[in-house]
Amino acid sequence: FVIFCPDASDHAKGLLRLLLLCTGHANRNWSHLTFESWLGLKKAVIDHKNFLKEYASIDYILETFQELFTTLIAKCRRKRIPGNGDKTRARQIKIYNVETGTEETALDENKYDNDDLIEDEEVESMNDISLGQYRAETEDVFPTIYELFIEILGFEGETVVYDMVIPMMNETNFKLKFDKLIDVNGNYVKNTEALLFAARCMIDGMESPTKISSRFIESLLQTITNQLPSEGIIIRQSLLIVQRAAEHLKHSRALVETILSFLIRNFLDPSNMVVASTSLLSVCESIGEHLPGQSAFEILDIMGQSFAEPKANESFIENLLQAVFAVLQQTKSKKQFNEIVDKLCEQMNVMIAQSLENTDLVMNPRFQQNLKIIGFYFELCESVDSEFKDHLIKQVEQVVLQGMPLFVALLKPFSIKKYETLLAVIRIIKKSVHILDTQVFEHFELIMTEVFNCFRTNPTRNATSLTIIPAILTSSTSVPVVEQWLQDNYVNMNVFFVETIKTTNDPDIVKHFVNIQSKIYDYHRFFFFSCSYFDELIEILLDIVLNVNQYEMMRELLNFFFSLMTNPDLHDNEKLLKLVPNLIRVLIHSLPEINRPNIQQISNILSAILLSFQNGGAELQSIFINALEHEKFNKVSQKQKEIFVASLFSQAHEPVQFRMILVNFAGFVNSNETDDIFIRMEMLLASSLMTVSYTHLTLPTIYSV
């Protein structure tokens, strides 16, 4: 560039002409290899723009970039306009079928943004690439063209870009320029779709859509809502532009109603309804507080009709729901907020009743889709952050109370024939428990009965249903119905769990079992310690620590034991005291199989034992020594030992604590191992004493222990 371009010589112009010819080559693969050169040229021109404006002519460079735009539009045009048979084609994806254990092919109805319909257009040679691949490569080039003209020409550059894009979307202008084409109408549609694609790339390519000229965006939005043909490929690109340019509607309020009408009009087209609803969501998120007063109610009416509409898929309805909540989140009027909430909850009540009362339809895809939408609705309700939220909570509670018996009934074994349905039901019940809080205990016995019935039917497959129990126990302290249930069922529940774990050895069941025990310990401690099955219960938990190497499960178990050992109210508990020796042995023997975070937690537990049970110093010392002499500890790596011992000593925060750990630990450190790790640990002890003033503890005292 520095050598050839500034002088505007014939040689420099010839170089750009050659580059442009290569870009226009019939082979798309060869064409796209020139794109890096155009990107580099744009950067060089902008970097040297002041020099060029003062000492050289760059008009020929700008003219070449205009020709580049025209060339790329021609290269990006489709060869055919997809017919009705193509409209609903979506990208194929692989999914795993839990029931059959096989991988299956499915269609992802959300994947339209990358122009799926053109991926299959013929590739003309072995060295060529598809039109879809070529378009993906141009996504960086179109913004480069826009940026070059704006940087060099300013406002005049906006006019140049406008003249390249907008006028040719007018059918009359196109026919005047290309009147000799055989298929002028078909080529007009293809050319317009390519221009829309280029405009979308320009918007996408900027760091923020607001950096695009408001005049350009406003003209583009007016054009796509008023003047363009109704072919599906045109509508698709137009909807995507609305989605990207939604932020600009803050500055173009006059266009809002026109845009909303355009979007809603396209909800009726099955091939574009998801894209249209996604664009609506973008608009509502960007300017929800500025929408016309009735917009949210119009969206709710469409959503209500969609519950029974076979062609309305899950993503479409979820987008509408999110759009309504986006408006709710931004509204400043309490009256409007409450009216929208009332209408929304009324529709959800109707949908829940109609969808779930007839469980014969449980295998119907529409039924399963509605389950997912109900769960999504509850999630959105929880996420609202508004000063008027109290009214929403009150109304949603009524929806949940009405629907809870229906939700729980779906856990019955005959209903859960599809795993996906089970997951949706579990999600709904857990959200319902959280929303209802204490009101959920009206249904407590029913929920617990159906959860365990569901689990017993197929423990391995239905283990996820157990996640409902911790959710409901979390808010159940001192609730009579819960305590009565535990009084009657806790022992039998533990027996069943232990037998099931022994039979299946399933890590998911173990994980849920540990989580349930943790919640009972946290919220119903009396039952935990008074259980006649306590010893067997602890034994199975320790066996899991020793034999199951699964990080999340181990973390939960160690957290559970740490809470036991650090609770001062339990240090005189006889059952807990009996647990300590075996817990020490199991924790130390499990070290070879444990990763670093869990090693540190083991150290936390052992430190807590040393600090909590000070009266048993000699006995504890003996237990530690025996555990460290076991062959399993010999398998612990040097690094693990170092982490373990360093973590152990790091737990002391006061002189008394530090002294207690040293007294209990230093003896078997020195007597039991002679390798480098303990030399380093002695240095650690010495440095600890030098950095903290302990007037009552001297270094020789430590070594003499």
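Visitor: Hi! Which hand does the crossing of helix 12 and helix 13 have?

Guide: Hello! The crossing of helix 12 and helix 13 is left-handed. Keep in mind that this is a predicted model.

Visitor: At what angle do helix 12 and helix 13 pack, and how far apart are their axes?

Guide: Helix 12 covers residues 232-245 and helix 13 covers residues 256-265. They pack at an angle of about 135°, and their axes are 11 Å apart. That angle makes helix 12 oblique to helix 13.

Visitor: Which residues make the contact?

Guide: From helix 12 come Ile235, Ser238, Leu239 and Val242. Helix 13 brings Ile259, Phe262 and Leu263. Sorted by class, the contact of helix 12 with helix 13 has 6 nonpolar residues, 1 polar residue and no charged ones.

Visitor: Let me step back a bit. How many helices and strands does the protein have?

Guide: There are 35 helices and 2 strands in the protein.

Visitor: And what share of the residues counts as buried?

Guide: The protein has 705 residues, and 53% of them count as buried. As for contacts, take those with a separation of 6 or more: residues 24 or more positions apart account for 73% of them.

Visitor: Okay, tell me about the largest nonpolar core. How many residues does it have?

Guide: The largest nonpolar core has 211 residues. Phe142, Tyr377, Phe528 and Phe561 are the ones with the most contacts inside it.

Visitor: Which helix gives the most to this core?

Guide: Helix 10, residues 184-205, gives the most, with 11 residues.

Visitor: Let's pick tyrosine 377 from that group. Where does it lie?

Guide: Tyrosine 377 lies in helix 18, which runs over residues 365-383.

Visitor: Is tyrosine 377 buried or exposed?

Guide: Tyrosine 377 counts as buried, because its relative accessibility is 0%, and the cut-off for buried is under 20%.

Visitor: What does tyrosine 377 touch, apart from residues up to four places away in sequence?

Guide: Tyrosine 377 touches Leu321, Phe325, Leu344, Cys345, Met348, Val396 and Val399. Take cysteine 345 as one of these: it is 32 residues from tyrosine 377 along the chain, and their C-alpha atoms are separated by 9.9 Å.

Visitor: How about phenylalanine 528? What is it in contact with, beyond its neighbours within four places in sequence?

Guide: Phenylalanine 528 is in contact with Tyr490, Gln517, Ile520, Tyr521, Phe534, Leu537, Ile538, Phe560 and Leu564.

Visitor: Now for another helix pair. How do helix 23 and helix 24 pack?

Guide: Helix 23 (residues 480-504) and helix 24 (residues 507-523) pack at an angle of about 155°, with their axes 10 Å apart. That makes helix 23 roughly antiparallel to helix 24. Their crossing is left-handed.

Visitor: Which residues meet there?

Guide: On the helix 23 side you'll find Leu486, Tyr490, Met493, Asn494, Phe497, Thr500, Ile501 and Thr504. They meet Ile509, Val510, Phe513, Ile516, Gln517 and Ile520 in helix 24. By class, the contact of helix 23 with helix 24 divides into 10 nonpolar, 4 polar and no charged residues.

Visitor: Let's zoom in on phenylalanine 513. Is it buried or exposed?

Guide: Phenylalanine 513, which sits in helix 24, counts as buried at 0% relative accessibility. Leaving aside neighbours within four places in sequence, phenylalanine 513 is in contact with Asn494, Phe497, Ile501, Leu537, Ile540 and Leu541.

Visitor: Last one: where does arginine 585 lie?

Guide: Arginine 585 lies in helix 28, residues 574-589. Arginine 585 is partly exposed, with a relative accessible area of 34%.

Key. Residues numbered from 1 in each chain as written. Predicted model: local features only at pLDDT ≥ 70, side-chain atom pairs only at ≥ 80, totals over all residues. Heavy atoms only, no water. Core = buried A, V, L, I, M, F, W, Y, C linked by side-chain atoms within 4.5 Å. Buried < 20%, exposed > 50% of the residue type's maximum accessible area, 1.4 Å probe, protein only. Helix = DSSP H or I, 4+ residues; strand = E, 2+ residues; numbered from the N terminus. Contact = heavy atoms within 4.5 Å. Axes fitted to C-alpha atoms, helices over the stretch in contact; angles between N-to-C directions. Parallel < 35°, antiparallel > 145°, perpendicular 65-115°, else oblique. Left-handed = near helix turned anticlockwise from the far one by under 90°. Nonpolar A, V, L, I, M, F, W, Y, C, P; charged D, E, K, R; others polar.
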